[in-house]
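Subject: Structure for your files

Hello,

Here is the structure I promised to send over. My notes on what was found in it follow below.

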Amino acid sequence: MTERPVSPGRDGQTPGKATAHRTRPLRLDRDNVAVIIPALNEALRIRGVVEGALAQCAHVIVIDDGSDDGTAERIADLPVTLLRHAQRQGKGASLRDGFAEALRRGFLAVLTMDGDGQHAAEDIPRLIDSANRHPGHIVIGARLRKRASQPTYRRLANNFGDWGVAWGTGYQIADSQSGQRLYPAAVIALGDVPGEDFVFEAQILMSAAQQLGTRCVSVPIESRYQNEDSQEEFRASHFKPLRDFTRITSHIVGQCLRRGGIPAVYRSIRANPPLIDDPSGEFSGEAAHKAQTHTR
C-alpha cells in the first residue's frame, strides 16, 4: 500500500490537466482506469469493497476522510494508494483529491465507488465497456434493477434529484444521485467545480455539460440496500435526504436563476430523455421511463 497524507484545501485539482486534453486513441481497460473510493468510517465493509475493486482494476485509490474507526487499518496490507485527511473534509474534497492523484498518474478515466458496499465491483467491467461504446461520456451505474429493495423515500428523493439536476445539464439523467460512476479524464480535470459533500457530485455533471458539452449514459445496476430479504449489513447512510437534497436543490436553483434562459432549458430537457446503455433492451425507450417512476 502506498500512503500519502493530503494537505487541507483544494489545491490538488490541477495536476495533470494538460494530460487529460491529449488525444487518447486507446480503449479503456483495467490497467488505465483507476477506481476511487472515498471512505468515512467504513471499517465494516471497506476491505471487501477494495478487494472486489482490485479484482476488476489494477489501480485503486482510497481516500480516508478522517475516519476514527480503523478504516485505514483494515486495508493496510492491500496494494492500494491511500490518501488520508487528518480531519473530515467531506465527500467532495475526497473526490477532488482522488481525481488529482489519478490525473497526476496519467489514468485515462476514473471509476468511483462508495466504501459502504452498496456498489458491486462486478459491475465495473460493464461501466468500462459502456464508456468504450460511448467515448467521452460520463457513465453512471443507475440503480434501476430490483428497485423494490430501495426505500420508498430514497426512490422518490432520487427521482426529484434527477429532475433538479436536469435543469443544470439541459438533459435528463437516469439516477443522477448514484455514486458509482466512470468519469473520463477531461471531466476530472475541470478546474473550479463548486460545491461540497454531495453537492459536488451533482455539480460535476452540470459543469461537464456546461463547459465541455459532456453527456451522461446510464448502465442499469441493482439497488443494494439492507432489507428483510437481504442478509447484507450496511452502515447508516451518510446521505441525509432532507438536508442534502435541500443543499443540492438550492444550489441548482441559484445557478438557473443566474444563467437565465429557463424556457430554453425546459425545452432542452423535454427533448433529451435519459440515455440508457443496456444491450438486453430491458431498459430502453418506454421501459426505461417506467423503471424510473415505478418499482420493479
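T112 is buried, because its relative accessible area is 2%; buried stands for under 20% relative accessible area, exposed for over 50% and partly exposed for what lies in between, with a 1.4 Å probe and protein chains only. Please note that this is a predicted model, in which local features need pLDDT of at least 70 and side-chain atom pairs count only at pLDDT 80 or more, while totals for chains, interfaces and linings use all residues. Residues are numbered from 1 along each chain as its sequence is written, and side-chain values use heavy atoms, with hydrogens and water left out.

T112 belongs to strand β5 (residues 109-112). Helices (H or I, at least four residues) and strands (E, at least two) are DSSP runs, numbered from the N terminus. The T112 side chain comes to 2.8 Å from the backbone oxygen of G179. Apart from neighbours within four places in sequence, the residues in contact with T112 are I36, L95, F99, G179, Q180, R181 and Y183; contact means heavy atoms within 4.5 Å.

Eight strands make up an open sheet of mixed pairing, in the order β1-β4-β3-β2-β5-β7-β6-β8; two strands pair if DSSP finds at least two bridges between them. At the edges stand β1 (2-5) and β8 (216-222), each with a single partner strand, so one side of each has no neighbour in the sheet. From one strand to the next, the twist averages 25°. Strands β6 (residues 138-145) and β7 (residues 181-184) run antiparallel and are joined by two bridges. I140 has R181 as its bridge partner in β7.

Two helices are worth a look here. Helix α2 packs on the sheet and touches β2 (33-39) and β3 (59-65), its direction making about 175° with that of β2. Helix α8 lies across β6, β7 and β8 and runs at about 40° to β7. For these angles, axes are lines fitted to C-alpha atoms, for helices over the stretch in contact, and the values run from 0 to 180 degrees between N-to-C directions.

Last, the charged pairs. The structure has nine salt bridges, a salt bridge being a side-chain nitrogen of Lys or Arg within 4 Å of a carboxyl oxygen of Asp or Glu. Among them is the one between K91 and E201, at 3.1 Å from N to O. K91 is in helix α4 (residues 91-104) and E201 in helix α8 (residues 197-212), so this pair ties together parts 110 residues apart in sequence. Both K91 and E201 are buried.

Another salt bridge joins E51 and R47, whose closest N and O atoms are 3.2 Å apart. Both lie in helix α2 (residues 46-56), four residues apart, or about one turn of the helix. E51 counts as partly exposed because its relative accessibility is 38%. R47, E51 and D77 are linked in a network of salt bridges.

R126 and D123 also form a salt bridge, with 3.1 Å between the closest N and O atoms.

Regards

Methods. Polar contact = N/O pair within 3.5 Å; in protein donor to acceptor, adjacent residues only side chain to side chain.
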